[in-house]
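Biologist: I would like to learn how to read a model like this one. Please show it first, and then take me through some of its features.

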Amino acid sequence: MRYLLERILMYSSVIFLLGIIITIISYYFLKDICSSELCTGTNYRGNKILSIGGIHFLFSIFILASVTLIISNIKTYKGAVSYSLILIIIGFAFLGLIDDLLGNKDSQGFKGHIRSLLHGRLTTGGLKLFGGPIICILAFMPSVHSLGYLTLICDVIAISLIANLTNLFDLAPGRSLKISIVVIIFCLIFSTNNEWQYGVLGILAVLLYFDLKEMLMLGDIGSNSIGAMLGFSIVNIVNINQTYIVIAIALVLNLLSEFVSFSLIINKFIPFRILDTFGQSKERKIWLKKKLSN
C-alpha cells in the first residue's frame, strides 16, 4: 500500500512539473506567432498585450493529453485525459476564439443575446450560448447508454453554465485563474484516476503568473475552454443529486451577473478584494485604488 501511494505521488509530481514546463515552453515558442495585431488587445491601463492568452492553455493541455494517453496505451492506467474532454475543450475554445475576434460588445449577457436572436441577429455570445451545449452533447453521446439521458442533460447544462461563469469572472488579472486553481484542487481531493488534473494545476499556475504580471489576458478562448474543463471535472466527481445543486448555484450566479457586477461585489468586501488583488502588479493596485476613490 505504501509503495503504491509513493508511486502515485511520484507520478502526480511528474505530471504537475510537466504542466509547468510545457506552459513555459508554449509561452516562449508561440511568442512571435502571437505578436500580430490580431492577437493583441488593450488592457485596463491602455497597454497592448496578448489578448488570446488561452492559446497557451490549449497548446499545453494537448501535449498533456498526448502524454497521458500514450502512457495509458503502454500500461494499464486510467488517469489520462479523456477524448470527451478533449472535444469539449476544442469546441469551447473555438467558440471563445470567434467571440474574441468577431465579438460585438453591444449585446452582452443572456438578455442581450436572446434579445438579438429574437430580432433575427445571432451574436457571437449567442453562438456560445447554444453552441456550448451542442458540443457537450456530441462529446457525451457515445457514452449515453452508460450515463443515461437525464445525467447527460444535467452534465451538459452544468458544464455550459460553469464555462460561462468562468468567463464572467475573467475581468481582472488572475481572478478567473485563482478560482480555477481552487476548483481543480477541490476536484483532485475528491476524485480518483484523474492524475491529469495535476498537469492542469501546473498549467494554470504558470498562466496565473503570466496573467498577474500582465503578460497576457486569457480572452474568451482561454476562460471558455478552462471553464468547460472545470465543469467536466466537477460533474465527474458528483452524483446526479449533487449535479442539481451545482446547476442551481451556477445558474443563480449567471443570472446575478445580469443585474450586478461581480467586480463591484468583490471590491466592496475587503477579504474578497485582498484575495483578488493578491499578486497583482503595483500599477494595478494603484489604478484600482484611484478607481474606488472616485
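**Reading the model**

Modeller: Helices (H or I, at least four residues) and strands (E, at least two) are DSSP runs, numbered from the N terminus. This is a predicted model, in which local features need pLDDT of at least 70 and side-chain atom pairs count only at pLDDT 80 or more, while totals for chains, interfaces and linings use all residues. Residues are numbered from 1 along each chain as its sequence is written, and side-chain values use heavy atoms, with hydrogens and water left out.

Biologist: Does L122 count as buried or exposed, and why?

Modeller: Buried means under 20% relative accessible area, exposed over 50%, and partly exposed in between (1.4 Å probe, protein chains only). L122 counts as exposed because its relative accessibility is 51%. From the C-alpha atom of L122 to that of I237, 115 residues along the chain, the separation is 35 Å.

Biologist: How many helices and strands are in the chain?

Modeller: The chain has 14 helices and two strands. Of its 294 residues, 49% count as buried.

Biologist: What radius of gyration does the chain have, and what would a compact globule have?

Modeller: The radius is taken over C-alpha atoms, and the globule rule is 2.2 Å times the number of residues to the power 0.38. For 294 residues a compact globule would be near 19 Å, and the chain has 19 Å, which agrees. The C-alpha trace spans about 60 × 45 × 40 Å along its principal axes.

Biologist: Which share of the contacts joins residues 24 or more positions apart?

Modeller: A contact means heavy atoms within 4.5 Å. Among contacts with a separation of 6 or more, 74% are between residues 24 or more positions apart.

Biologist: Now to charges. How many salt bridges are there?

Modeller: Side chains of opposite charge can pair when their charged atoms come close. A salt bridge here is a side-chain nitrogen of Lys or Arg within 4 Å of a carboxyl oxygen of Asp or Glu. The count by this rule is five. In one of them, E214 pairs with R45, with the closest N and O atoms 2.8 Å apart. This pair links distant parts of the chain, 169 residues apart: E214 is in the loop between helix 9 and helix 10 (219–235), and R45 is in the loop between strand 1 (40–42) and strand 2 (48–50). E214 is buried at 10% relative accessible area, whereas R45 is partly exposed at 35%.

Biologist: What is the nearest side chain of opposite charge to D211?

Modeller: Lys and Arg count as positive and Asp and Glu as negative; His and the chain ends are not counted. For D211, which is buried yet has no salt bridge, the nearest side chain of opposite charge is K178, 8.9 Å away. D211 lies in helix 9 (residues 196–212). Leaving out residues up to four places away in sequence, D211 touches P173, G174, L177, L216 and M217.
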